[in-house]
Amino acid sequence: MSRKPELRGRAARLARLIPGAGSRAQAARTPFVLLVVLLLGGGLIALLVLNSALSEGSFKLDDLQKDTKSLTDEEQGLQRDIDSYSAPEALQERARELGMMPGGDPAFLNPDGTVKGVPSVAGEQAVSRAVEQSAVQMPLVLLPPEPAAAPSTPPTPEADPAQTTTTPGR
């Protein structure tokens with residue numbers, strides 16, 4: 001019977017670092033390795049999902065920036081149209097097309113009934129032109145036709161159209 005020699009000191013410490021065959025340390029290492037592999041795999045999958053989400057957000061941001069740019073261009077174009085329509089020359093031309101004319105000096109009516117200022121009439125040519133244009137633009141209204149003369153005799157109860165029968169072909 002051989003007995004294992006008892007190790008002391010440095011040899012004992014070295015013997016503890018080297019596990020023997022079938023020791024308990026081998027069995028405890030397997031769950032730890034599985035845990036590390038699962039954590040690394042989960043981390044890689046999480047990074048992949050995060051990267052995909054960031055890429056999708058980047059594409060959406062790019063689309064929204066393009067939409068914003070096109071809508072800004074459209075807004076600026078519409079603002080240019082508004083500015084051109086509201087320019088004094090354009091307003092004057094449109095008023096002239098509608099038959100309006102520049103007014104004379106205004107006169108104001110005071111609360112006591114007196115007139116403040118001297119009213120002036122627009123030029124005679126402008127007034128006659130306005131009358132002509134208003135006559136041209138005024139729609140023609142026709143009177144309704146007069147109703148036809150009603151029969152002077154009231155219908156008799158004997159001549160009820162529901163009771164009379166007509167034969168076709170006579």
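Modeller: Let's start with the term itself: a salt bridge here is a side-chain nitrogen of Lys or Arg within 4 Å of a carboxyl oxygen of Asp or Glu. The idea behind it is simple: side chains of opposite charge can pair when their charged atoms come close. Keep in mind that what you're looking at is a predicted model. The structure holds five salt bridges, and I'll go through some of them with you.

Before zooming in, get your bearings.

Now find helix α2, which covers residues 24–85. Inside it, the side chains of E56 and K60 form a salt bridge, with 3.7 Å from N to O. Count along the helix and you'll see that E56 and K60 sit four residues apart, about one turn.

Next, move along to helix α3, residues 88–97. Here R96 and E93 pair up through their side chains, and the N to O distance is 3.6 Å. These two are three residues apart in α3, again about one turn of the helix. R96 has a relative accessibility of 42%, so it counts as partly exposed. E93 comes out at 40%, which means that E93 is partly exposed too.

Stay in helix α3 for another pair. R94 forms a salt bridge with E97, and their closest N and O atoms are 3.4 Å apart. Why is about one helical turn between them? Because R94 and E97 are three residues apart in helix α3. As for cover, R94 is at 47% relative accessibility and so counts as partly exposed, while E97 has a relative accessible area of 48% and is partly exposed as well.

F32, V33, V36, V37 and L40 make a nonpolar surface patch of about 460 Å². Take L40, which lies in that helix. Its relative accessible area is 56%, and the cut-off for exposed is over 50%, so L40 is exposed.

L109 belongs to strand β1, residues 108–109. At 66% relative accessibility, L109 counts as exposed because that value is over the 50% cut-off. Leaving out residues up to four places away in sequence, L109 touches T114 and V115.

How do those residues compare with the whole chain? Of the 170 residues in the protein, buried ones make up 3%. The accessible surface comes to about 16600 Å², and 63% of that belongs to carbon and sulfur atoms.

One last thing to check is confidence. The mean pLDDT of the protein is 77, with 65% of its residues reaching 70 or more.

Note on methods
Residues are numbered from 1 along each chain as its sequence is written. This is a predicted model: local features need pLDDT of at least 70, side-chain atom pairs count only at pLDDT 80 or more; totals for chains, interfaces and linings use all residues. Side-chain values use heavy atoms; hydrogens and water are left out. Patches are made of residues with over 30% relative accessible area and no salt bridge: like charges are joined within 9 Å, nonpolar side chains (Val, Leu, Ile, Met, Phe, Trp, Tyr) within 5 Å. Accessible areas come from the Shrake-Rupley method with a 1.4 Å probe; for residues, only the protein chains shown count as cover. Buried means under 20% relative accessible area, exposed over 50%, partly exposed in between (1.4 Å probe, protein chains only). Contact means heavy atoms within 4.5 Å. pLDDT is the predictor's confidence in each residue, from 0 to 100.
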